[in-house]
Amino acid sequence: MENEITVVDAKERSRYEAHDAEGTLMGFVDYKLHPGVISFLHAETLPEYRGRGVAGTIATKSLDDARALGLRVKPACPFYQDFLEEHPEYADLTNRSAE
């Protein structure tokens, strides 16, 4: 594979982080947990890693985790708003019963 990207939930920092094979930080998304809801606040890919699919890999992992935990998603970050529009397979995470 061309890029090895590992995404972990760095709970102590309330963010998902992407690292390369050497463990170097490639990008992250900050989040805030509320009862039954996760809000994705700010996604960032470090400049030297842009264009490699880092943000999309983070989004996929974080949204899959949200689904597995039964959390509703609030995409406060513009990247997540766009990602969710482009990936209707995650629509169930934002279209759950209104608050």
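**Strand β4 and its surroundings**

Guide: In this predicted model, strand β4 covers residues 37–45 and runs antiparallel to strand β3, residues 25–34, with eight bridges joining the two. Within this pairing, leucine 33 stands opposite isoleucine 38 of β4. The two strands form a hairpin with two residues between them, and glycine 36 adopts a positive phi near 80° there.

Strand β4 also has a parallel partner: four bridges link it to strand β5, which spans residues 72–75. In this second pairing, serine 39 has lysine 74 of β5 as its bridge partner.

In soluble globular proteins, nonpolar side chains tend to be buried together. The largest nonpolar core here has 23 residues, and Phe40, Ile58, Leu63, Val73 and Tyr80 are those with the most contacts inside it. Two or more residues of this core come from each of β2 (15–19), β3, β4, α1 and α2 (78–86). Helix α1 gives the most, with five residues.

When its neighbours within four places in sequence are left aside, isoleucine 58 is in contact with Val7, Tyr16, Ala18, Gly27, Phe28, Val29 and Tyr80.

Note on methods
Residues are numbered from 1 along each chain as its sequence is written. This is a predicted model: local features need pLDDT of at least 70, side-chain atom pairs count only at pLDDT 80 or more; totals for chains, interfaces and linings use all residues. Side-chain values use heavy atoms; hydrogens and water are left out. Two strands pair if DSSP finds at least two bridges between them. A nonpolar core is a set of buried Ala, Val, Leu, Ile, Met, Phe, Trp, Tyr and Cys residues joined through side-chain atoms within 4.5 Å. Buried means under 20% relative accessible area, exposed over 50%, partly exposed in between (1.4 Å probe, protein chains only). Contact means heavy atoms within 4.5 Å.
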